[in-house]
Amino acid sequence: MSESRVSAIETSHHTSAWPFVLAVFAFSRLLFLGTGAVAATALPWAEPIASVLGPPDSNYWAHWDGAWYSEIAIYGYDYLAPMSTPFFPLFPMLLRVGTALGGGPALWGVLISLVATPFAMYFLYRVAEKLQGVKIARIAVLAFAFFPTAFFLNAVYTEALFLAFTTGSFWAGFVRRDLLLAGLLGALAAATRNLGVLLLIPLAYEWLRNRQEFGRRGVWEMALVPAGLLGYMMFLWYRFGDPLLFANAQATLWRRELIDPVTALGMAWAKAGEGLGHFLDPATLFLDPQGGRAVLEAYNTMSFAFLVLLLVLGGIGFRVLPPGLSVYTFLITLLPVLTPNPAIPLMGLPRYALGAFPLFLILGHLLSRSRPALYLWFLVSVGLGIVFTALFVTWRWMV
């Protein structure tokens, strides 16, 4: 095949991704934004079960962690430090810039997430397309956009921004063959969330497979990835005298300490059993203003179900993905399991699953084999997404 023909095909694929991505983005965001608006208006809000911050403009997309990012954007880390330090700086910095232009941090948080999401979808599409073809790329993007916790992609959370940088970093190295761009985007991911440094694993694998193409320079370009984490540590050292303050605060204040897998899984299993009965009481979960505790216990059960799903998909990933991506998926989803909170052992796991973008490459591969399975997955996924969105916007989703 001539070079001009190959170039034409690549250009066609490159341009055909965006219309599909933008259509999926529009439909999925309308679903979650619409569900959030209806639920926040029609359902009674629960009284939060713990003392939490309220975002300055009380936007229901800025609950829980969104409140912390909003407060940091306005008042900085000195306010409520050291509890504020586990929230990494890039996202609140962007919120701060937005508020300087006008509007509250919650508004800008939603806008930033909505801008970042289609880029994450596009990069995911292009990676899946190169690995497995157009059909699987489309299914992977659909599975991602309508995942049960995909409502976080329009909330004042780091999910969308983190995914835009992580998928973009791997796309830059794997598809575009540019490790310098991959390193820069990886550094931004690490400044958004500490697990961004794990991008070194799939990028290093690509370099090892293509050492002649990338050359020695590729090592130094990949070495940019930890710069985001190291920069934040230097700030904490200068401001508070402790470069690991964010990790120490997780252990002492947020009660998340590293333990062995057997103990962690035992804690998660016990809490999952305690919350099982609350799934049979929807009136308490959705209508009782005092139902926050019941939702928390049901959340433990649901999170354990997510853990089982992730373990199954992660195991399949070692057969269908490049080794670098498989290890990255395994670590980014399971490392949080090893730092459990006693009351909520798997706190944040369903949300963290959204941030492990290779999971959707695995789902795309599996769901492309059976149309009934594809339809069933989306029926269940969209249904759970609607339920979880309603819980989140009414202060009932604890993450």
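Author: Let us begin with a definition: a residue is buried when its relative accessible area is under 20%, exposed when it is over 50%, and partly exposed in between. Please keep in mind that this is a predicted model.

Reader: Why is L111 called partly exposed?

Author: L111 has a relative accessibility of 38%. Partly exposed covers what lies between the buried limit of 20% and the exposed limit of 50%, so L111 receives that name. L111 is placed in helix α4, and its C-alpha atom is 8.8 Å from that of A155, a residue 44 positions apart from it along the chain.

Reader: How do you know what span to expect of helix α3?

Author: The expected span is 1.5 Å times one less than the number of residues. Helix α3, residues 90-101, has 12 residues, for which 16 Å is expected; from first C-alpha to last it reaches 17 Å, which is close to that value. Just after α3, G102 takes a positive phi of about 125 degrees.

Reader: Which residues of α3 are buried, and what covers them?

Author: The buried residues of α3 are L90, F91, P92, L95 and G98. Their cover includes α2, α4, α6 and α7.

Reader: What makes the radius of gyration of the protein agree with that of a compact globule?

Author: The globule rule is 2.2 Å times the number of residues to the power 0.38. For 399 residues this gives a radius near 21 Å, and the protein has 21 Å, so the two agree. The C-alpha trace spans about 70 × 55 × 50 Å along its principal axes, and 53% of the residues count as buried.

Reader: How many helices and strands does the protein have?

Author: The protein has 19 helices and 0 strands. Among its contacts between residues at least 6 apart in sequence, 76% join residues at least 24 apart.

How values were computed: Residues are numbered from 1 along each chain as its sequence is written. This is a predicted model: local features need pLDDT of at least 70, side-chain atom pairs count only at pLDDT 80 or more; totals for chains, interfaces and linings use all residues. Side-chain values use heavy atoms; hydrogens and water are left out. Helices (H or I, at least four residues) and strands (E, at least two) are DSSP runs, numbered from the N terminus. Buried means under 20% relative accessible area, exposed over 50%, partly exposed in between (1.4 Å probe, protein chains only). Contact means heavy atoms within 4.5 Å.
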